[in-house]
Amino acid sequence: SRHKINMIPMASATATYGQKESSDQNFDYMFKILIIGNSSVGKTSFLFRYADDSFTPAFVSTVGIDFKVKTIYRNDKRIKLQIWDTAGQERYRTITTAYYRGAMGFILMYDITNEESFNAVQDWSTQIKTYSWDNAQVLLVGNKCDMEDERVVAGDRGRQLSEHMGFEFFEASAKDNINVKQTFERLVDIICEKMSESLDAADPAVTGAKQGPQLTEQPAPPQQDCAC
């Protein structure tokens, strides 16, 4: 189900990292994931392909921020994904960055046929570092790999950039359904790995590390601004 969100950032829209839902047995954990990148790189199509297994070639710019919900099974756990589709235009930046807080994972996307979108990856990475918490996991995705004849960003360049940034890398196609499911599942696996490590690690408050969302047994607050 797709949800339209009012253009007002709200705390209730922030899912908790590794949140354990004690009052609802339909899932074990809820992860908040954001798809970010320049306008027209295919973020919305990528989300629709994953959540609905659908694709439309028509481009309609996302206004503000929307999200979809999908529940998957990983490592014997039922995990509810709250996947946010963000607007790429600069005029929405203040709105969209307000949603970075509490995100456990980011899909940072560029278009392999658009050099400018690739050059903007560093700026988007800086946005993540500025507005999210230190342990948020990021995958770099070069979308539209079906358009090989129009490629301007070689796969090796994307791979080298991802290695430089410390991100894992996929080339994908929402249109041809290439590496869409794999991207999301790998991101979820990395989040689960880091969550497990954090449970074994010392309290970050002791080490002075920047606090991220913590495991909790409390249910998420209701999303009052969702016109479902």
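**Burial and helix packing in a predicted model**

User: Where does Ala136 lie?

Analyst: Ala136 lies in the loop between helix H4 (121-131) and strand E7 (137-143). Helices (H or I, at least four residues) and strands (E, at least two) are DSSP runs, numbered from the N terminus. This is a predicted model, in which local features need pLDDT of at least 70, side-chain atom pairs count only at pLDDT 80 or more, and totals for chains, interfaces and linings use all residues. Residues are numbered from 1 along each chain as its sequence is written, and side-chain values use heavy atoms, with hydrogens and water left out.

User: Why does Ala136 count as buried?

Analyst: Buried means under 20% relative accessible area, exposed over 50%, and partly exposed in between (1.4 Å probe, protein chains only). Ala136 has 12% relative accessibility and therefore counts as buried.

User: Which residues does Ala136 touch, not counting residues up to four places away in sequence?

Analyst: With contact meaning heavy atoms within 4.5 Å, Ala136 touches Ala103, Met104 and Phe106. Met104 and Ala136 are 32 residues apart in sequence, yet their C-alpha atoms are 4.8 Å apart in space.

User: Which residues make the contact between H1 and H6?

Analyst: H1 contributes Phe46, Arg49 and Tyr50, while H6 contributes Val180, Lys181, Thr183 and Phe184. The buried residues of H1 include Phe46, Arg49 and Tyr50.

User: Why are Cys145 and Cys192 called buried?

Analyst: Cys145 is at 16% relative accessibility and so counts as buried. Cys192 has a relative accessible area of 15%, and is therefore buried.

User: How many disulfides does the structure hold?

Analyst: The structure holds 0 disulfides, a disulfide being a pair of cysteine sulfur atoms within 2.5 Å.

User: What share of the protein chain do buried residues make up?

Analyst: Buried residues make up 49% of the 228 residues. The chain has 7 helices and 8 strands.
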